[in-house]
Amino acid sequence: MAEMSIADALKQAIQEEMRRDDTVFCLGEDVDIEGGMGGAFTVTKGLLEEFGPERVINTPIAEILISGVCVGAGITGMRPVADLQYGDFLFCMMDQLVNQAAKMCYMSGGTVHVPMVMRAPCGATNRGAQHAQSLESYFTHVPGLKVICPSTPYDAKGMMKQAIRDDNPVLVFEHKLLYGGTRKEKDAIKTSGEVPEEDYAIEFGKAAVRREGRDVTIVANLLMSYRAQEAARKLEEEGISCEVIDPRTLVPFDYDTVKASLKKTGRLLIVHEDHKNNGWGAQLAAHIAENHIYDLDAPIKIVAAYDTPVPFASPMENFVIPDTRRIADAARELVAE
């Protein structure tokens, strides 16, 4: 085992896959330039020196170009790994992602695959409305796309390897406050952890139970997984036991782990940084309401960002994004129902 940050775990996964398979290559804005950081968050730093400019390709500031190259390269047998400086820029490549990459396998009767990975830094970090969004829910709606959200170094490496090896397009949402590494974000959470040195990949559609409990099931991803665990620790002092589940992948989603937890707790709290209106939490709530075979002890609650663009001012951003207090208050209300 080796201790490392999420940024280093992602880099190691990409590096090992590039060594294993010469069809894997990286591209993006400033993925590695002399004196640069290795993309916006250091994940690709050093790859140029090992693999050269033919496999570590710096692109212009043109996201539509990046996605077009990925689709074309994937169709012809390559495995591109694209670095977006900010996940918000996914909107610049919607046609290639939604109408080309996602649908190509279906439209060709399964004869054409588009293996490609889009790495999308997400989350509010005092950068304003166009560089701070959590956009996972937009893409969970599109058949043909896989959506993953690693929140630990162990998950980051294993899930990135799985994404690169997958024959379908995969979007990897990486929260800016969880990267660690050499670039320190204000309010960043220390997420360094042990990562196996041997090769491994994590199957998509398998949630992780971060904390076991008996009174409330909390399902939370990325940064919210950490805030949910913090809330659970505080609630434990009050005699309220919370089970915290990190879905890790939103498409495919592990409903079975959530249902098994609900059979024990009878109460469901969903937490995400995405806006509440039509967020992925709404889909989970609808699925549970439609398919569960036992009555819950209280109505399902969702704690999410308020339905407003993410503010630039730090106090306003802190108000809009869910914090530990809001999560704990919602859990208390569920127990009191």
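By class, the lining of the largest pocket in this predicted model has seven nonpolar, six polar and no charged residues. Here Ala, Val, Leu, Ile, Met, Phe, Trp, Tyr, Cys and Pro count as nonpolar, Asp, Glu, Lys and Arg as charged, and the others, Gly among them, as polar. The pocket is lined by 13 residues, and T140, Y255, W280, Q283 and L284 are those that lie nearest its centre. Its volume is about 250 Å³.

Let me state the terms. The search runs on a 1 Å grid over the protein atoms alone: a pocket is an open set of points with protein on both sides within 12 Å along at least five of seven lines, a cavity is a set of points where a 1.4 Å probe fits but cannot get out, and lining residues have an atom within 4 Å of a point. Grid points are joined across faces, edges and corners, and a volume is the space filled by probe spheres set on the points.

Residues are numbered from 1 along each chain as its sequence is written, and side-chain values use heavy atoms, with hydrogens and water left out. Because the model is predicted, local features need pLDDT of at least 70 and side-chain atom pairs count only at pLDDT 80 or more, while totals for chains, interfaces and linings use all residues.

Which elements supply at least two residues each of the pocket lining? They are α6 (136–140), β12 (249–251) and α10 (280–291). The largest share, four residues, comes from α10. Helices (H or I, at least four residues) and strands (E, at least two) are DSSP runs, numbered from the N terminus.

V251 and P252 are joined by a cis peptide bond, with omega at about 0 degrees. P252 is found in the loop between β12 and α9 (255–265). In the loop between β11 (242–246) and β12 we find R248, whose phi is near 65 degrees, a positive value in a residue other than glycine.

D187 lies in the loop between β7 (169–175) and β8 (193–195). Are these two residues buried or exposed? D187 counts as exposed because its relative accessibility is 52%, whereas R248, at 11%, counts as buried. The cut-offs for relative accessible area are under 20% for buried and over 50% for exposed, with partly exposed in between (1.4 Å probe, protein chains only).

I turn to the sheets. Seven strands form an open sheet with mixed pairing, in the order β3-β2-β4-β5-β7-β6-β12. At its edges stand β3 (56–58) and β12, each with a single partner strand, so one side of each is left without a neighbour in the sheet. Two strands pair if DSSP finds at least two bridges between them. Within this sheet, β4 (residues 79–83) and β5 (residues 116–122) pair in the parallel sense over three bridges, and V81 stands opposite V117 in β5.

The other open sheet has five strands in the order β9-β11-β10-β13-β14, again with mixed pairing. Its edge strands are β9 (208–211) and β14 (301–305), each pairing on one side only.

With β10 (residues 216–220), β13 pairs in the parallel sense over four bridges, and the partner of V219 is I270 in β13. Seven of the eight residues of β13 are buried, so this strand is largely enclosed by the rest of the structure.

Strand β13 also supplies the largest share, three residues, of the lining of the largest cavity. How many cavities of 30 Å³ or more does a search of the whole structure find? The search finds three. About 40 Å³ of space lies in the largest cavity. Its lining consists of A132, Q133, S134, E273, D274, H275, A305, V310 and I321. By class, these are four nonpolar, three polar and two charged residues.

Finally, helix α8 (residues 222–236) has 15 residues and reaches 22 Å from its first C-alpha to its last, close to the 21 Å expected at 1.5 Å a residue. That expected span is 1.5 Å times one less than the number of residues. Among the buried residues of α8 are L222, M224, Y226 and L235.
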